[in-house]
Amino acid sequence: MKAVEIKPGIYWVGAIDWAVRDFHGYVTPDGTTYNNYLILDKQITLVDTVKHDFAQVTIDNIKSLTDPSKIVNLVINHIEPDHASSIDRIMSLIPGATIYISEKGKKGLDRYFDTSKWKFTIVKTGDTLNTGKYNLLFLETPMLHWPDSMMTYLKELKLLISQDAFGQHIATSSRFDDEFVECASRAELEDSVIDYYANILMPFGQLIRNKISEIEKLGIEIDMIAPDHGVIWRKEPGSIIQKYLDMANGKASLGVTIVYDTMWHSTEQMTLPIMHGIKDEGVDCKVIKLRSTPTSFVIKEFWKSRGCLIGSPTLNNILFPSIYEFLSHLRGLRPQNRIIGAFGSYGWGGGAVKEAYEEFKRMKLEIFEPGIQVVYKPTFEEEKKCYEFGRLFSKKVKEYHKKFI
Ligand code: FEO
């Protein structure tokens with residue numbers, strides 16, 4: 001591993017986690033990176049740390065540039081343990097350094113560590129730190145992604161160190177967007193951005209819009225965005241800001257994701273005619289069996305499509321457990337600007353489809369009613385009804401989609 005200069009005197013000193021596949025329940029098939037940045041100026045300043053397992057990696061990266069004991073400032077943009085759990089290791093090397101952090105960040109850090117001997121400067125939006133050649137401007141970004149979150153902007157370099165925002169979970173030897181696109185593909189990068197946004201930032205669309213507008217009003221010009229995960233936006237920083245605005249404003253593709261589970265293949269059997277009905281109305285459709293698929297992947301596919309259909313068998317008069325778990329996970333992400341409906345099968349009393357709609361009503365989603373359900377197993381005639389259900393849903397999706405064009 002080695003440090004990488006991203007701007008004159010500014011170095012990436014982070015770590016690549018090639019192995020992580022479960023990021024607090026979020027599946028990361030491509031791993032991730034924990035990015036942090038060293039400012040080699042008159043006052044040597046470290047912005048963020050890394051996950052504790054990688055403390056030695058970042059220390060070695062810093063050592064390749066300077067004696068770590070020379071660091072006088074530590075900026076903590078975000079206290080979540082993937083970025084801050086090695087602070088104690090770092091502070092053991094620089095006990096006299098000052099930590100620059102938001103008020104909520106300090107309160108959170110007090111819960112994770114014994115901070116009694118550490119020096120703090122609490123900062124808020126507009127506060128600055130001069131390190132010599134460079135001036136750092138702090139911007140609080142509460143709830144992007146935790147209440148403590150903030151960003152650090154280096155005015156002279158037009159560099160925004162954005163912590164979680166604009167990140168991606170990709171372990172890669174490419175440090176920059178253009179390098180990654182050249183070695184992998186733009187589509188892969190875009191998919192990672194959507195995956196990250198859908199699973200982490202979906203609830204915060206309004207906050208994202210407000211924060212981007214605040215940054216514009218402050219007249220902050222951005223030449224590079226350096227997030228705490230994934231690649232650094234060197235070539236197209238404007239494109240990732242626009243992508244975030246688009247997602248926050250409800251942009252999605254004209255498509256439908258069918259998410260289903262099944263006990264004896266009856267609900268599964270319904271998906272095929274429904275899918276044909278959707279497709280015959282000119283709308284693309286993806287079918288996902290929930291129990292065979294990681295939830296974070298399903299969340300991404302949900303977020304990419306304008307419409308979603310949930311298929312569930314009835315078990316003991318209620319939703320099938322995997323479907324219930326998925327819907328409660330989805331509700332926590334506070335999805336908006338999507339249309340949703342339900343279908344399913346049952347043996348005697350029914351209940352899954354009704355309960356699915358009750359769950360939908362707890363969310364701010366456009367609801368397509370009524371759902372469709374069959375007893376035991378769909379007959380040939382009922383499969384035709386499923387097809388018509390798919391066509392009708394598809395028409396509604398197209399109509400609803402027009403609101404966002
Ligand atoms: Fe990457 Fe909110 O931590």
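The chat below goes through the cores, sheets and aromatic contacts of a predicted model.

Colleague: Before we start, what should I keep in mind about the numbers?
Modeller: This is a predicted model, in which local features need pLDDT of at least 70 and side-chain atom pairs count only at pLDDT 80 or more, while totals for chains, interfaces and linings use all residues. Residues are numbered from 1 along each chain as its sequence is written, and side-chain values use heavy atoms, with hydrogens and water left out.

Colleague: Which residues touch the most other members of the largest nonpolar core?
Modeller: That core has 65 residues, and Phe166, Leu201, Tyr244, Ile310, Phe326 and Leu327 are the ones touching the most other members. A nonpolar core here is a set of buried Ala, Val, Leu, Ile, Met, Phe, Trp, Tyr and Cys residues joined through side-chain atoms within 4.5 Å, where buried means under 20% relative accessible area, exposed over 50% and partly exposed in between, with a 1.4 Å probe and protein chains only.

Colleague: And which helix gives the largest share of this core?
Modeller: Helix 6 (residues 186-201) does, with 8 residues; helices (H or I, at least four residues) and strands (E, at least two) are DSSP runs, numbered from the N terminus. Another core, of 25 residues, lies apart from it and includes Val4, Tyr37, Val123 and Tyr134.

Colleague: What is Leu327 in contact with, leaving aside its neighbours within four places in sequence?
Modeller: Its partners are Ile310, Leu319, Ala356, Glu359, Phe360 and Met363, with contact meaning heavy atoms within 4.5 Å.

Colleague: What about the open sheet of 5 strands?
Modeller: Its order is 12-13-14-15-16, again with mixed pairing, and strand 12 (128-130) and strand 16 (224-227) are the edges. Strand 13 (residues 135-140) pairs with strand 14 (residues 150-154) in the antiparallel sense over 5 bridges, where Leu137 is partnered by Tyr153.

Colleague: Last topic: how many aromatic pairs are there?
Modeller: There are 10, counting rings of Phe, Tyr and Trp (its six-membered ring) whose centres lie within 6.5 Å, with planes under 30 degrees apart called stacked, over 60 edge-to-face and the rest tilted. One of them is the edge-to-face pair of Tyr357 and Phe360, at 5.1 Å centre to centre with 75° between the planes; both residues lie in helix 12 (residues 352-361), 3 residues apart, and both are buried.

Colleague: Which residues form the aromatic cluster?
Modeller: Phe166, Tyr197, Tyr244 and Trp303 form one cluster. The charged end of Arg338 sits over the ring of Trp303, 4.0 Å from its centre, a label that requires NZ of Lys or CZ of Arg within 6 Å of the ring centre and within 35 degrees of the ring normal.

Conventions
Two strands pair if DSSP finds at least two bridges between them.
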